[in-house]
Amino acid sequence: ISARTDRFRRPKRIAISGITFGLVLIIISIAPSYLIYSIALPIVGSIALTTMINANTYVQTTTAGHIRGRVLGVYFFIFLGTSDIGRKKVEKKHTKI
């Protein structure tokens, strides 16, 4: 699916895909049964994966070649490296509860 969307990788479409992922995630979080949740979860995963692939490809193809490594370094730091910061905030709130 993601390979076929090569000509559609635009910031607007990536944002819409991310919003769709968030909304579908909220919807399945209130699933009435485990069965419905487990059936919907692979669909949510594919939406998330497609969003990440589109965003990564857009960053790589629109960045000038001489600074691509630096831009991708910052991109991956923000994308992957900030999860520890969010995790610590969630842990602090969880221990208060």
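Ile43 counts as partly exposed because its relative accessibility is 49%; the term covers values between buried, which is under 20% relative accessible area, and exposed, which is over 50%, computed with a 1.4 Å probe and protein chains only. This residue is found in helix α2. Helices are DSSP runs of H or I with at least four residues, strands are runs of E with at least two, and both are numbered from the N terminus. Ile43 and Val24 are 19 residues apart in sequence, and their C-alpha atoms are 9.1 Å apart in space.

Ile39 is also found in helix α2. With 53% relative accessibility, Ile39 counts as exposed. From C-alpha to C-alpha, Ile39 and Ile28 are 9.8 Å apart in space, and they are eleven residues apart in sequence.

## Basis of the model

The structure is a predicted model, in which local features need pLDDT of at least 70 and side-chain atom pairs count only at pLDDT 80 or more, while totals for chains, interfaces and linings use all residues. Residues are numbered from 1 along each chain as its sequence is written, and side-chain values use heavy atoms, with hydrogens and water left out.

## Overall arrangement

The protein has four helices and zero strands. Read from the N terminus on, its elements run α-α-α-α. Of the 97 residues in the protein, 18% are buried.

The accessible surface of the protein comes to about 7700 Å², and 69% of this surface belongs to carbon and sulfur atoms. Accessible areas come from the Shrake-Rupley method with a 1.4 Å probe, and for residues only the protein chains shown count as cover. A contact means heavy atoms within 4.5 Å. Among the contacts in the protein with a separation of 6 or more, 48% are between residues 24 or more positions apart.

Ser17 lies in helix α1, which spans residues 11-29. Ser17 counts as buried because its relative accessibility is 16%. When its neighbours within four places in sequence are left aside, Ser17 is in contact with Ile47 and Thr51.

Thr51 has its place in helix α2. With a relative accessible area of 14%, Thr51 is buried. Not counting residues up to four places away in sequence, Thr51 touches Ile14, Ser17 and Gly18. Asn54 is likewise placed in helix α2, and its relative accessible area of 8% makes it buried. Asn54 and Ile14 are 40 residues apart along the chain, and their C-alpha atoms are separated by 6.6 Å.

## Nonpolar surface patch

Leu49, Met52, Ile53, Phe76, Phe79 and Leu80 make a nonpolar surface patch of about 520 Å². The elements that give two or more residues to this patch are α2 (34-62) and α3 (68-81). Patches are made of residues with over 30% relative accessible area and no salt bridge; like charges are joined within 9 Å, and nonpolar side chains (Val, Leu, Ile, Met, Phe, Trp, Tyr) within 5 Å. A salt bridge is a side-chain nitrogen of Lys or Arg within 4 Å of a carboxyl oxygen of Asp or Glu.

Leu49, one of the residues of the nonpolar patch, lies in helix α2. Leu49 has a relative accessible area of 48% and is therefore partly exposed.

## Positive surface patch

Lys88, Lys89, Lys92 and Lys93 form a positive surface patch. Lys and Arg count as positive and Asp and Glu as negative, whereas His and the chain ends are not counted. The place of a charge is taken as NZ of Lys, CZ of Arg, CG of Asp or CD of Glu.

Lys92 is placed in helix α4, which covers residues 83-96. Its relative accessibility is 58%, so Lys92 counts as exposed.
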